[in-house]
Every structure is written in structure tokens, then in C-alpha cells.
Amino acid sequence: MPRAAAGPPAPGTRQNDPVDPETEQVLDAIGPRLRTLRRTRGLTLQALAATTGISVSTLSRLESGRRRPTLELLLPLARAHRVALDDLVGAPPTGDPRVHLEPLRKHGTVIVPLTRYPGRIQVFKQVLTPREPRQVTHEGYEWFYVLAGEVRLILGDEELVLRPGEVAEFDTARPHWFGPADGGVAEVLHLFGPRGDQAVVRAAPPAP
């Protein structure tokens, strides 16, 4: 008896159009990477599905390699895990590893972005110039290290002066402002977490 022909593969499955071996290798590595990220963060498939809007069955097939990852699936997963899409897919490095800095002027300061990953902790070099103190509040968490000059930091009713080598960190829901302490110019290395993410700075214990 003749055997019935198999139907067409389901959309998005690994039986879709063939790809070259190098691309296939990249795709094969995404599933285990997704599983590791989820387990490292202590998330269940159900919790991740609620966050991303992707069904549990699709997430399970992605992690096992039975579903081919697409951009529509990877974008919400990258946001949920707070990683760059390049990191999620394990994209090969480009030939030029340098970060091309583009200074920006904002609120009386010069800001030099050192990272380009939205939704994650951002790193800047910031040149502070004299301006009128005006406290603000917003969602997030800030950490800065004074590189040069003296920085005047106002946190609510508290006022501090920080010198080169000193660090400040605070929740930006608290009224705050910082600028040069002496009317000159100061430079800081500035980290900002847009959703309250805190920078974890590890230092060696003091010598006995």
C-alpha cells in the first residue's frame, strides 16, 4: 500500500528552509542559552510566558531546539532577560572592537555614552559644568565615581561634597541633584539603572 505523503511543516519549526551550517550552529546554540538564562534567573516557563506573552509550549520548544528562533520571539525574550539581542544569539564579534563615542549635551553637562544597550544599566562619562541646583526625581538607581574635580551632591535635605576617588549611589526616587562644587568643572564615571537596577561593585577587603 502506498504511504501517504507527509504534510507541510508547521511554521517556525526547524524543518523550514535549509540554512548554511554556520547559521545552523548559531541557531542550535540559542535554545540552551535561553534555558540557562531562565534557570539562572530562577524563572519557570509559566512565569516567562506571563512576562513575554509567548506560550509555554513555544518557550519549551525554543529551549529544546524543536522551534526555530525568530526575531519576533527573541526580542521579547531579550527584554525579559535584560540582555542584548547580540548576547542572546551569540553573534560573532565585529572586526572593530572599539566603541565610537558620540558626546551629547544635556542639562548643562557633556555626556559620553560608553554602552549602547537600552533597558540595561547604562555607563557614561559625564563632564559636569556649573548650573543652578534643581532637584529631580525619577525611576531608577544611580552610581557615580568622581574622576576629577569636586562634585556637590544634594539628596533631599542632605548635602555632600565628593572628591576624586569617591563614590555615591542612591535611588533616584529620592530628590537629588549633583554638579561641580566649586563653580568649575568636574568629571564622573556614571552608571544608571533605568528600572532600579543596582550596580554591584566588588572590592577587595581592606588589608589587615
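1. A search of the whole structure turns up six salt bridges. A salt bridge here is a side-chain nitrogen of Lys or Arg within 4 Å of a carboxyl oxygen of Asp or Glu. The model is predicted, so local features need pLDDT of at least 70 and side-chain atom pairs count only at pLDDT 80 or more, while totals for chains, interfaces and linings use all residues. Residues are numbered from 1 along each chain as its sequence is written, and side-chain values use heavy atoms, with hydrogens and water left out.

2. Which side chain does Glu-63 meet in a salt bridge? The partner is Arg-38, at 2.7 Å from N to O. Glu-63 lies in helix 3 (residues 56-64) and Arg-38 in helix 1 (residues 21-40), so the pair ties together parts that are 25 residues apart in sequence. Helices (H or I, at least four residues) and strands (E, at least two) are DSSP runs, numbered from the N terminus. Side chains of opposite charge can pair when their charged atoms come close.

3. Are the two partners buried or exposed? Glu-63 counts as buried, at 6% relative accessibility, and Arg-38 is buried with a relative accessible area of 9%. Buried means under 20% relative accessible area, exposed over 50%, and partly exposed in between (1.4 Å probe, protein chains only).

4. Another salt bridge joins the side chains of Glu-150 and Arg-163, at 3.3 Å from N to O. Glu-150 is in the loop between strand 4 (141-148) and strand 5 (151-155), and Arg-163 is in the loop between strand 6 (158-162) and strand 7 (167-171), so the pair ties together parts that are 13 residues apart in sequence. Glu-150 is partly exposed at 27% relative accessibility, and Arg-163 is partly exposed with a relative accessible area of 42%.

5. Glu-158 and Arg-174 also meet through their side chains in a salt bridge, at 3.2 Å from N to O. Glu-158 belongs to strand 6 and Arg-174 to the loop between strand 7 and strand 8 (176-180), so this pair ties together parts that are 16 residues apart in sequence. The relative accessible area is 36% for Glu-158, which is partly exposed, and 38% for Arg-174, which is partly exposed. Salt bridges that share partners join Arg-35, Arg-38 and Glu-63 into one network.

6. The largest nonpolar core has 17 residues, of which Ile-30, Leu-34, Leu-59, Leu-77 and Leu-88 touch the most other members. Helix 1, helix 2 (45-52), helix 3, helix 4 (71-81) and helix 5 (85-89) each supply at least two residues of this core. Helix 4 gives the most, with five residues. Apart from this core lies another, of 12 residues, among them Val-151, Leu-153, Leu-155 and Phe-178. A nonpolar core is a set of buried Ala, Val, Leu, Ile, Met, Phe, Trp, Tyr and Cys residues joined through side-chain atoms within 4.5 Å.

7. Which residues does Leu-34 contact, leaving aside its neighbours within four places in sequence? They are Leu-62, Glu-63, Leu-77, His-81 and Leu-88. Contact means heavy atoms within 4.5 Å.

8. In helix 4 the buried residues are Leu-73, Leu-74, Pro-76, Leu-77, Ala-78, Ala-80 and His-81. Their cover includes helix 1, helix 2, helix 3 and helix 5. Arg-82 follows helix 4 and has a positive phi, near 55°.

9. Ser-60 sits in helix 3 and is partly exposed, with a relative accessible area of 27%. Leaving aside neighbours within four places in sequence, Ser-60 is in contact with Leu-45 and Arg-66. The C-alpha atoms of Ser-60 and Arg-35 are separated by 8.8 Å, although the two residues are 25 apart along the chain.

10. Strand 5 and strand 8 run antiparallel and are joined by five bridges; two strands pair if DSSP finds at least two bridges between them. Val-151 stands opposite Pro-180 in strand 8. Five of the five residues of strand 8 are buried, so this strand is largely enclosed by the rest of the structure.
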